[in-house]
Amino acid sequence: MYKRLIALSAAAAAIFTSCASGKKNSSSDGKSESAETATYAADGDLTATFLDVGKADAIVIQTGGECAVIDCGEKGDGKKVVKLLEESGEDTVDHLIITHYDRDHVGGASKVIKELDVKNVYAPDYEEDSKEVEKYEDELDDKGITPQLLTSDVTFTLGEAEFTIFAPKQTDYGPDNDNDFSLVTKVVYRGNSFIFAGDAMEARLDEVMDIGDCDVLKVAYHGRRLDNTDEFLDAVTPEYAVACTSAEEFDAKTQQSLASRCIMTYATCYNGTITMLSDGVNISFTTEK
């Protein structure tokens with residue numbers, strides 16, 4: 001079986017290459033579709049929408065009439081999350097995961113919490129002093145929501161999908177290294193699995209090196225180069241990868257590592273908003289551009 005590989009160049013050109021694939025349950029039609037006309041999941045499907053919010057993460061996962069959100073981008077990006085959910089008939093976020101407190105992950109969370117009915121919130125157990133975190137905490141207080149500050153792994157279900165959030169194993173990763181507090185989430189949906197790696201850097205990737213393989217990987221740390229990028233890719237063996245990033249942040253060596261492993265890669269900086277659809281066996285993608 002052959003699949004197409006998108007190798008994304010610094011000039012934002014898409015290069016298509018045929019690579020032999022040992023995986024047989026996934027497919028991608030490569031179709032482009034506007035965000036406004038993208039098809040939302042049927043009751044028996046799962047969608048993950050990677051919003052185009054620059055060098056930031058904002059991911060909406062929907063299945064079985066329920067919704068989980070992983071990060072909300074920067075200040076102003078929360079309204080994009082709200083709009084996406086409202087357009088798909090949702091006013092509830094069953095689970096909100098804030099991977100860590102950098103502004104490009106927590107910045108839009110206050111808007112989501114304010115505008116939608118947020119049931120459960122998960123975040124790492126460390127402190128960050130910023131205006132974005134203060135607004136997020138103020139909205140939690142206003143809504144009477146107590147976040148679960150994770151020091152151990154947590155599992156929950158969303159429809160038929162099982163989520164496991166892997167908590168950081170250390171209480172201190174050194175000065176200015178809060179990326180390694182990132183919550184890493186693995187989702188298993190029938191026969192498919194997905195890993196969302198937040199901004200995990202070397203120490204954090206080492207902690208989840210045994211997380212198991214996946215069909216789709218949300219690339220860690222916006223595609224910046226990490227010393228153990230190759231080791232992690234070999235450990236989780238994705239068929240597809242998605243980078244929430246800017247062209248400046250998406251490192252050429254990371255792209256080369258993905259290409260050399262025939263991992264079909266999408267990036268918000270080149271493809272705009274990306275929507276993945278899984279029926280538990282087959283996986284397809286639609287892109288905004």
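User: Which sense do β11 and β12 pair in, and over how many bridges?
Analyst: This is a predicted model. In it, strand β11 (residues 184–189) and strand β12 (residues 192–196) pair in the antiparallel sense, over five bridges.

User: And what stands opposite valine 188?
Analyst: Serine 193 in β12.

User: What holds paired strands together in general?
Analyst: Strands of a sheet pair through backbone hydrogen bonds, either parallel or antiparallel.

User: Which sheet are β11 and β12 in?
Analyst: An open sheet of seven strands. The order is β9-β10-β11-β12-β13-β14-β15, and the pairing is mixed.

User: Which strands are at its edges?
Analyst: β9 (154–158) and β15 (264–267). Each pairs on one side only. Neighbouring strands in this sheet are turned by 15 degrees against each other on average, direction ignored.

User: Now the sheet with eight strands. What's the order there?
Analyst: β8-β7-β6-β5-β4-β3-β16-β17. That sheet is open too, with mixed pairing.

User: Why is one side of β8 and of β17 left without a neighbour?
Analyst: β8 (148–150) and β17 (283–287) stand at the edges.

User: What's the average twist from one strand to the next?
Analyst: 20 degrees.

User: Which helix packs on that sheet?
Analyst: Helix α1 (residues 78–87). It touches β3, β4 (58–63), β5 (66–72) and β6 (92–97). Its direction makes about 20 degrees with that of β4.

User: How does β3 run against β16?
Analyst: Antiparallel. Five bridges join β3 (residues 46–50) to β16 (residues 274–278). Alanine 48 stands opposite methionine 276 in β16.

User: New topic. How many aromatic pairs are there?
Analyst: Nine, in a search of the whole structure. One is tyrosine 122 with phenylalanine 156. That pair is stacked, with 5.3 Å centre to centre and 10 degrees between the planes.

User: Which parts does that pair tie together?
Analyst: Tyrosine 122 lies in strand β7 (residues 117–124) and phenylalanine 156 in strand β9, so the pair ties together parts 34 residues apart in sequence.

User: Are those two buried or exposed?
Analyst: Both tyrosine 122 and phenylalanine 156 are buried.

User: Why does the pair of tyrosine 266 and phenylalanine 285 count as stacked?
Analyst: Their planes are at 25 degrees, so the pair is stacked. The cut-off is under 30 degrees. The ring centres are 4.5 Å apart.

User: Which strands hold them?
Analyst: Tyrosine 266 is in strand β15 and phenylalanine 285 in strand β17, 19 residues apart. Tyrosine 266 is buried, and phenylalanine 285 is buried as well.

User: Which residues do ring pairs link into a cluster?
Analyst: Tyr101, Tyr126, Tyr136, Tyr173 and Phe181.

Key: Residues are numbered from 1 along each chain as its sequence is written. This is a predicted model: local features need pLDDT of at least 70, side-chain atom pairs count only at pLDDT 80 or more; totals for chains, interfaces and linings use all residues. Side-chain values use heavy atoms; hydrogens and water are left out. Two strands pair if DSSP finds at least two bridges between them. Helices (H or I, at least four residues) and strands (E, at least two) are DSSP runs, numbered from the N terminus. Axes are lines fitted to C-alpha atoms, for helices over the stretch in contact, and angles run from 0 to 180 degrees between N-to-C directions. Contact means heavy atoms within 4.5 Å. Rings of Phe, Tyr and Trp (its six-membered ring) pair if their centres lie within 6.5 Å; planes under 30 degrees apart count as stacked, over 60 as edge-to-face and the rest as tilted. Buried means under 20% relative accessible area, exposed over 50%, partly exposed in between (1.4 Å probe, protein chains only).
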